[in-house]
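I opened this model to look up its overall build first and then a handful of single residues. My entries follow in the order in which I went through them.

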Amino acid sequence: MSETRLRTIGLLGGMSWESTAHYYRAINQGVAARLGGLHSAELIIHSVDFAPIAEMQKAGRWDEAGALLGQAAKGLEQAGADILGLATNTMHMVAEQLTAQISIPFIHIADPTAAALLGDGYECVGLLGTSFTMEMGFYRDRLAASGLTVLVPDVDRTNLNGIIYEQLCKGIVCDDSRRIYIAAIERLAARGAQAVILGCTEIGMLIDDSVSPLPCYDTTELHSSALVDAALR
């Protein structure tokens with residue numbers, strides 16, 4: 001196995017750095033599990049300052065955010081990345097703008113998520129994430145195109161979004177916030193959801209299968225695993 005060529009992963013993160021740190025750990029653990037010994041990932045990380053990007057999100061300045069991330073993605077390719085992962089769900093809103101700047105493969109976070117759900121036989125799923133991910137079509141439509149029926153919370157979306165930005169992105173994990181998320185999952189289950197997508201890369205800090213009323217599909221873990229797969233092809 002020592003002769004296996006590792007392709008270099010370019011990871012565009014910082015949105016937030018809390019989840020990017022999780023990516024770094026998960027990708028290296030995945031490579032070590034596959035190759036054994038002292039193997040770890042070939043990784044180049046560009047971690048952006050999230051504050052100005054969060055302001056662009058709030059102001060709807062998606063083209064500006066896309067241009068910024070597109071330049072960062074181009075820089076990762078120029079630095080030697082063979083494949084690219086964008087370590088955030090919400091900013092896949094600008095995935096097309098980003099991929100227009102690169103020639104290396106881009107691993108979209110929604111694709112391994114959909115594949116895992118469909119592989120496990122689920123058809124109707126709940127989606128939790130930022131208000132942008134829950135309410136805008138860029139993410140839900142890609143999941144739907146794969147054959148999934150996607151439900152989003154019909155109440156408390158503002159609270160769910162606030163917990164992400166005001167707590168999880170700052171590394172704050174509160175039991176009261178966990179209860180709010182559990183209640184949201186219970187309501188999704190009552191509407192027919194068979195499983196739930198943790199569609200923000202920080203939500204796994206708060207919710208997992210040990211507390212969730214529905215099976216959880218953590219996009220950070222699934223995306224990291226897909227990046228490892230791509231690196232070992």
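I began with Leu 118, which, once neighbours within four places in sequence are left aside, is in contact with Ser 146 and Leu 148; contact here means heavy atoms within 4.5 Å. I noted that the model is a predicted one, in which local features need pLDDT of at least 70 and side-chain atom pairs count only at pLDDT 80 or more, while totals for chains, interfaces and linings use all residues. I also kept in mind that residues are numbered from 1 along each chain as its sequence is written, and that side-chain values use heavy atoms, with hydrogens and water left out.

**Entry: Leu 118 and its helix**

I placed Leu 118 in helix α5, residues 110–119, where helices (DSSP runs of H or I, at least four residues) and strands (runs of E, at least two) are numbered from the N terminus. Leu 118 counts as partly exposed because its relative accessible area is 35%, and the classes I used are buried for under 20%, exposed for over 50% and partly exposed in between, with a 1.4 Å probe and protein chains only. I looked up one separation as well: the C-alpha atoms of Leu 118 and Gly 147 are 8.1 Å apart, although 29 residues separate the two along the chain.

Which residues of α5 are buried? I found Ala 110, Pro 112, Thr 113, Ala 114, Ala 116 and Leu 117, and I saw that the buried residues of this helix pack against β5 (124–128), α7 (137–145), β7 (195–198), β8 (216–218) and α10 (219–231). After α5 comes Gly 121, with a positive phi near 90°.

**Entry: the whole chain**

I then stepped back to the protein as a whole, which has 10 helices and eight strands. Its radius of gyration is 17 Å, close to the 17 Å that the globule rule gives for 233 residues, so the protein is as compact as a globular protein of that length; the radius is taken over C-alpha atoms, and the rule is 2.2 Å times the number of residues to the power 0.38. The C-alpha atoms fill a box of roughly 50 × 40 × 35 Å along the principal axes.

Of the 233 residues, 53% count as buried. Among contacts between residues at least 6 apart in sequence, 73% join residues at least 24 apart.

I found Thr 20 in helix α1, residues 17–35, and with a relative accessible area of 7% Thr 20 is buried. The side chain of Thr 20 reaches the backbone nitrogen of Gly 14 at 2.8 Å. Residues up to four places away not counted, Thr 20 touches Leu 11, Gly 13, Gly 14, Met 15, Ile 45 and Ala 87.

Which residue does a cis peptide bond join to Met 15? The partner is Ser 16, and omega of this bond is about 5°; Ser 16 lies in the loop between β1 (9–13) and α1.

**Entry: Tyr 181 and Ile 203**

Tyr 181 sits in helix α9, residues 175–190, and counts as buried because its relative accessibility is 0%. Ile 203, in the loop between β7 and β8, is likewise listed as buried at 0%. I noted that Tyr 181 touches Leu 128, Leu 160, Ile 163, Ile 164, Ile 203, Leu 206 and Ile 207, residues up to four places away not being counted. With that exclusion again, Ile 203 touches Leu 128, Gly 129, Ile 164, Leu 168, Tyr 181 and Leu 198.

**Entry: two further loop residues**

Is Ser 212 buried or exposed? At 12% relative accessibility Ser 212 counts as buried, and I located this residue in the loop between β7 and β8. The side chain of Ser 212 reaches the backbone oxygen of Leu 214 at 2.6 Å, and, neighbours within four places left aside, Ser 212 is in contact with Ile 185, Val 196 and Ile 207.

Last, I checked Asp 156, which lies in the loop between β6 (149–151) and α8 (157–166). Its phi is near 70°, a positive value in a residue other than glycine, and at 34% relative accessibility Asp 156 counts as partly exposed.

Conventions
Polar contact = N/O pair within 3.5 Å; in protein donor to acceptor, adjacent residues only side chain to side chain.
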